[in-house]
Amino acid sequence: MRTIAIGMMLLALAVAPASAQAPPLGKLEIKAYQVIPKAKTAVQLTDDTALGRHIRGQVMERLARRGNEVGFHGNNVMRLDVAYLDLLGSGGGSDTIGGQPSYAPPASNPRPELPSNRVQRRDLINIPKSKSTLRITLTLYDSTTGKVIWGATASCGTDGNDVERVGDAMVEAIFKDANRSHIGDADCPL
């Protein structure tokens, strides 16, 4: 019985759709179940961030260039998910052991200074850091049926200084040939 259960689980994993896997870094994948309809399309963010709002504006602009009517309400809903993973650690790295804590008010009694050793594993000091990653996922739904009409995913490596420029290039690459299913280059700027 256990052998049958394990066999069924392996069969289920083998039959699982490949769409659950994202394309590799620097690539984009478009799944066009049908052409993006000209009906009014609402572009909605999953997480409301400044970067997400910027990229939503770019997506709405590209849809309008294609001749689509865009807005915040419509017959079709395009869900936009923007994920930025900062692997460069731009917020940290300078934490030390000893010294005055960051929350201490000015002019408080100073603590004696201890050796300022960096807080990190010593075996990782000379390893170059990976680039941060920006991933954009667009999914277009028919609001009446709830059916997925079209989807796109793209990812690029970036540093924190030009993340908006990288996002703009990714959106441009997605809408360059949006009417057919394919895997291609995400046009990541260097």
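A strand here is a DSSP run of E with at least two residues, numbered from the N terminus. With that in hand, I find Asn76 in strand β4. I am working from a predicted model, so every value below is computed from it.

**Entry 1: Asn76**

I started with this residue and asked myself: is Asn76 buried or exposed? Its relative accessible area is 4%, and the cut-off for buried is under 20%, so Asn76 counts as buried.

Next I looked up what surrounds it. Leaving aside neighbours within four places in sequence, I find Asn76 in contact with Pro37, Ala39, Lys40, Thr41 and Ala42, and also with Leu140, Tyr141, Asp142, Ser143 and Ile149. I checked Asp142 separately: its C-alpha is 4.7 Å from that of Asn76, while 66 residues of sequence lie between the two positions. Thr41 is the residue that stands opposite Asn76 in β4.

**Entry 2: the sheet**

From Thr41 I moved on to the strands. Strand β2 (residues 41-45) runs parallel to strand β4 (residues 76-85), and five bridges pair them. Both belong to an open sheet of seven strands with mixed pairing, and I read its order as β3-β2-β4-β5-β6-β1-β7. Which strands stand at the edges? They are β3 (70-71) and β7 (182-185); each has a single partner strand, so one side of each has no neighbour in the sheet.

I then looked for what packs on this sheet. Helix α2 (residues 50-65) does, touching β2, β3, β4 and β5 (132-142). The direction of α2 makes about 140° with that of β4.

**Entry 3: the whole chain**

Stepping back, I count three helices and seven strands in the protein. Along the sequence they follow the pattern α-β-β-α-β-β-β-β-α-β. The protein has 190 residues, and 32% of them count as buried. I also noted the accessible surface, about 12100 Å², with 57% of it belonging to carbon and sulfur atoms. Among contacts between residues at least 6 apart in sequence, 73% join residues at least 24 apart.

**Entry 4: the nonpolar core**

In soluble globular proteins, nonpolar side chains tend to be buried together. With that in mind I looked up the largest nonpolar core here, which has 32 residues. Which members touch the most others? They are Ile55, Val59, Leu138, Trp150, Ile174 and Phe175. The elements giving two or more residues to this core are β1 (27-32), β2, α2, β4, β5, β6 and α3 (163-176). Helix α3 supplies the largest share, seven residues.

I followed up on Ile174. Beyond its neighbours within four places in sequence, Ile174 is in contact with Leu28, Ile30, Leu138, Trp150, Ala152 and Ala154.

**Entry 5: the disulfide**

I searched the whole structure for disulfides and got one. It joins Cys156 to Cys188, with 1.9 Å from S to S. Cys156 lies in strand β6 (residues 148-158) and Cys188 in the segment after β7, so the pair ties together parts 32 residues apart in sequence. Why is this disulfide left-handed? The torsion about the S-S bond is about -85°, and that makes it left-handed.

Last, I compared how covered the two partners are. Cys156 has 0% relative accessibility and counts as buried, whereas Cys188 has a relative accessible area of 23% and is partly exposed.

Conventions: Residues are numbered from 1 along each chain as its sequence is written. This is a predicted model: local features need pLDDT of at least 70, side-chain atom pairs count only at pLDDT 80 or more; totals for chains, interfaces and linings use all residues. Side-chain values use heavy atoms; hydrogens and water are left out. Two strands pair if DSSP finds at least two bridges between them. Helices (H or I, at least four residues) and strands (E, at least two) are DSSP runs, numbered from the N terminus. Contact means heavy atoms within 4.5 Å. Axes are lines fitted to C-alpha atoms, for helices over the stretch in contact, and angles run from 0 to 180 degrees between N-to-C directions. Buried means under 20% relative accessible area, exposed over 50%, partly exposed in between (1.4 Å probe, protein chains only). Accessible areas come from the Shrake-Rupley method with a 1.4 Å probe; for residues, only the protein chains shown count as cover. A disulfide is a pair of cysteine sulfur atoms within 2.5 Å. A nonpolar core is a set of buried Ala, Val, Leu, Ile, Met, Phe, Trp, Tyr and Cys residues joined through side-chain atoms within 4.5 Å.
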